[in-house]
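Work through the exercises below with the structure open. Each task is followed by a solution in steps.

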Amino acid sequence: MSHSVLKSPLGWLAGNPIWGFIALIFIFFSFANPYFFALQNFQNILVQTSTIGVIALGMTLVMINGNIDLSVGAVVALAASLCVDIQGWSLFADWGNWAILPGVVAALLAGTALGALNGLIVWKTGVDAFIVTLGAMLGVRGLVFVYTKEQSFFAMNFSFSDFGSSSIGPIPTLAALFLICTAIVHFVLSRTVHGRNTYAVGGNRSAAVNAGIRVGPHMMINFMIVGFLAALAGVTLSSQMGAATPNLGTNYELWVITSVVLGGTKLKGGAGTITGTLGGVLAIGILRNGMNLMQVPAFYVLVILGSILIAVLLLDKQLNRKGKEELRL
Amino acid sequence: MSASHIPQPDTPALRLEGIVKTFPGVRALDDVGFDVRAGEVHALLGENGAGKSTLMKVLAGMYEPDEGSIYIEGEAVTMRSPLEAKARGVVLIHQELSLAEEMSVAENIYLGELPRKSLGRVDWKTLHSNAQAILDRLKCGFDSKRQVGTLSIANQQMVEIARALTVEAKVVVFDEPTASLTDAEKVVLFDIINDLKARGAGIVYISHRMDEIFTLADRISVLRDGGYRGTLIKSETNEDEVIQLMIGRALDLTRRRAAAKTGKVALQVEGLSCGKLFEDVSFELREGEVLGFYGLVGAGRTEIAETLFGLRKPSAGRILIDGTEVEISSPADAIKKGISLVPESRKEQGLVLGMNCRDNITLPQVGDLTKGPFVSDGAEIAIFDRYYEALKIKTPSWRQAVGNLSGGNQQKIVIGKWLAMNPRILIVDEPTRGIDVGSKSEIHDLIRTLAGEGYAVIVISSEMPEVMHVSDRIVAMFHGRIMRSFTTEEVTEDNLVAAISGIETDKVA
């Protein structure tokens, strides 16, 4: 919990071992590869991580709440397709650069609406979020193929694709967007009533109900947030590529969940932080980037990432076992 | 109470010597040593946090002690797992049930040691006949093929005990075995304990309940702050001496008698029913009054509380607050109408254990403590401080996770949480379950003080001394119905027991 341990830097590190890990790999790659320690490479890492990162912020809320959303990858594809397709409609032909707006709005609305639907089903039926969003993952992906007729869309407006590669000063726009979202979600989670109740519902649902907290709406809001952020990721991704393909975002849910869990959020809910998730996202970004620069073959990168995930969680368990009378199992 | 002659073989069934177990920052056990003879019931007492549970886990092979030795029948042993401990003849009957609810009774009894045939197949025939034999010995009225989840809590406890009897146990440890049992079920349990004793097992019996200890035990050992404080022989001591040893001071257990000044009727319930859970329940509750609900587990007391708190929908009847009929649709609604419920199980229903003390106390009202879009830290800390002082909650800081507090302090957090909501009607379900003697009387005093301040309080309890000590009036329930209501002048242990057993039927409204 963010509120329970917050004293010495060392204590903080024990609660967030991922940042220690980041420092370690950062130093390692800085010495191991001459191209790693460079402003442009850091910009690269931030842009590369921003897509998964934005979704991971929302996923953190949903997972602390005791749920999960597997449909985010499909939502990315849907949002990207909607965004690129709609801005090309002849209806908006003489809107100039403003034609981008309806595409973006439609994409974000679709993502939020799908999140609301997921949340509503979980709330009203009591079916496990894993199952509900597994269904949504398959169903939405199907919708994308129906909608796109298995075709890719290309953005005709170059302003749209320029946005994806633009910068604000030294900071790439997409990276800035990600960091702003991170700050907002951090404050929502740690400082607002909704954030507090998110922890309470995930930590002990019946205690939350007994405290008069309306569990359902909180879950639904979090699903809407993750849906919105997944759609936003779809928009930025299509902007980066200047196109949308129906297969976009495949396996993203796995990368997102990996980052969130790496950042210390508990699968069963009740605990987790945005600073942790940011760490998880950056750790994966740095590892992929660093190994890429060292020309480690892509399949080995996956093997290494998988092993590191397990190793870091093991370390986390060791660090956080102390002080508690945990049973040996 | 047949302790006139205790068999005294040369080597005790169990001997502990200089057991030390430390956790970072805590010396949970500090040089603990005593012995348990074969054929003896040895009570182990101590306040919550005194080290009893840690000691039991050491005995059951769940923890390895840092220092010290364990001897079983004179032989030094090290036990690295519960199965190993069991193989040595040491079995622990857990306070909290640890059963696989989806599996059968027999599978649970032999969990981890199912009888096998060739190719690793389960020998179902042997399994069920062995299991049934144990159930018969315990006089259990259910079949070994029954799914555990469908049994009552008391019967699940029996399964837990049956599990311990698959080996010829040399040492049997009971950890708060009666916490969820009714008086009738306790009698059965005590028979079983006496039977084990007669077969020559050494029994370690952990309980907070003095009456049980003085009924069952031959000797009583006391732990305090992780240290061993001495062993008393039951026939040569009394409750006061034991309590003094436990808490390091004397305790006032005299019954409260001062008549309460009650005000106007706060809550009226007329003919309230909820399916078959409870039927035709009527009572009224005044300001400044403590109304006790006493009855066996399953008599419908908790369900009434849950209905008043909006967790269940009544099938018939009326609820009136200040003479106005109300419908309570949800806990949020109940809170708005001034009703608060301190639930039966604080860990499952009352607290978010991973959350800190302050956030738990402000949980129901955090929505009102905002400054702009954010929760106001200052307002929250102010509320925490108020109840930290008023209820004398022992915690190093508000940042402490509630899960790390003792049972008594956890309960104070739950009570503080509800007092902070300024309720008029406070329902407390099993206020002192699993809480040590010292904190118990603090909680009782607290309930009386609250009534004195004008709260209308309902106390639901399975402990007769508690309900008699704390209540102004007592409602006795049996099978979902109110059998009788007593004033403190009328009530005696005898007529109360009669009423909750369904013997006395002349209902007094």
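**Exercise 1. The interface**

How many residue pairs are in polar contact across the interface of chain B and chain A?

Solution. This is a predicted model: local features need pLDDT of at least 70, side-chain atom pairs count only at pLDDT 80 or more, and totals for chains, interfaces and linings use all residues. Residues are numbered from 1 along each chain as its sequence is written, chains are lettered from A and ligands numbered from 1 in the order in which they are written, and side-chain values use heavy atoms, with hydrogens and water left out.

Step 1. Apply the rule for a polar contact: a pair of N or O atoms within 3.5 Å; within protein, one must be able to donate a hydrogen and the other to accept it, and residues adjacent in sequence count only if both atoms are side-chain atoms.

Step 2. Count across the interface of chain B and chain A. The rule finds eight residue pairs, both residues at pLDDT 80 or more.

Step 3. Find the elements. Helices (H or I, at least four residues) and strands (E, at least two) are DSSP runs, numbered from the N terminus.

Step 4. The size of an interface is often given as the accessible area lost when the parts come together. Chains B and A bury about 2,700 Å² between them, with 57% of it on carbon and sulfur atoms. This buried area is the accessible area (1.4 Å probe) that two parts lose on being put together, summed over both.

**Exercise 2. A charged pair between chains**

Solution. Step 1. A salt bridge needs a side-chain nitrogen of Lys or Arg within 4 Å of a carboxyl oxygen of Asp or Glu.

Step 1. A:Arg196 lies in helix H9 (residues 193–203) of chain A and B:Asp359 in helix H12 (residues 357–361) of chain B, so the pair joins two chains.

Step 2. Check exposure: buried means under 20% relative accessible area, exposed over 50%, partly exposed in between (1.4 Å probe, protein chains only). A:Arg196 is buried at 4%. B:Asp359 is buried at 0%.

**Exercise 3. A pair within chain B**

Which residue meets B:Glu287 in a salt bridge, and what parts of the chain does the pair link?

Solution. Step 1. The partner is B:Arg424, at 2.7 Å, N to O.

Step 1. B:Glu287 sits in the loop between strand E13 (278–286) and strand E14 (290–295) of chain B, and B:Arg424 in the loop between helix H14 (407–419) and strand E20 (425–429) of chain B. The pair links distant parts of the chain, 137 residues apart.

Step 2. B:Glu287 is partly exposed at 22%. B:Arg424 is partly exposed at 27%.

Step 3. Look for shared partners. Salt bridges join A:Arg196, B:Arg358, B:Asp359, B:Asp377 and B:Glu380 into one network.

**Exercise 4. An enclosed helix and its end**

Why is helix H9 (residues 301–308) of chain B largely enclosed by the rest of the structure?

Solution. Step 1. Eight of the eight residues of H9(B) are buried, so the rest of the structure largely encloses this helix. Among them are B:Arg301, B:Glu303 and B:Glu306.

Step 1. Just after H9(B), B:Gly310 takes a positive phi of about 80°.

Step 2. Go from B:Gly310 to B:Ser329: 19 residues apart in sequence, 5.0 Å apart in space, C-alpha to C-alpha. B:Ser329 lies in the loop between strand E16 (324–326) and H10 of chain B. B:Ser329 is exposed, at 55%.

**Exercise 5. The end of H6 in chain A**

Is A:Thr148 buried or exposed?

Solution. Step 1. A:Thr148 is in helix H6 (residues 129–148) of chain A. A:Thr148 is buried, at 3%.

Step 1. Leaving aside neighbours within four places in sequence, A:Thr148 contacts A:Ser81, A:Phe153 and A:Pro246.

Step 2. A:Glu150 lies in the loop between H6 and strand E1 (153–154) of chain A. Phi of A:Glu150 is near 60°, a positive value in a residue other than glycine. A:Glu150 is exposed, at 62%.

Methods
Contact = heavy atoms within 4.5 Å.
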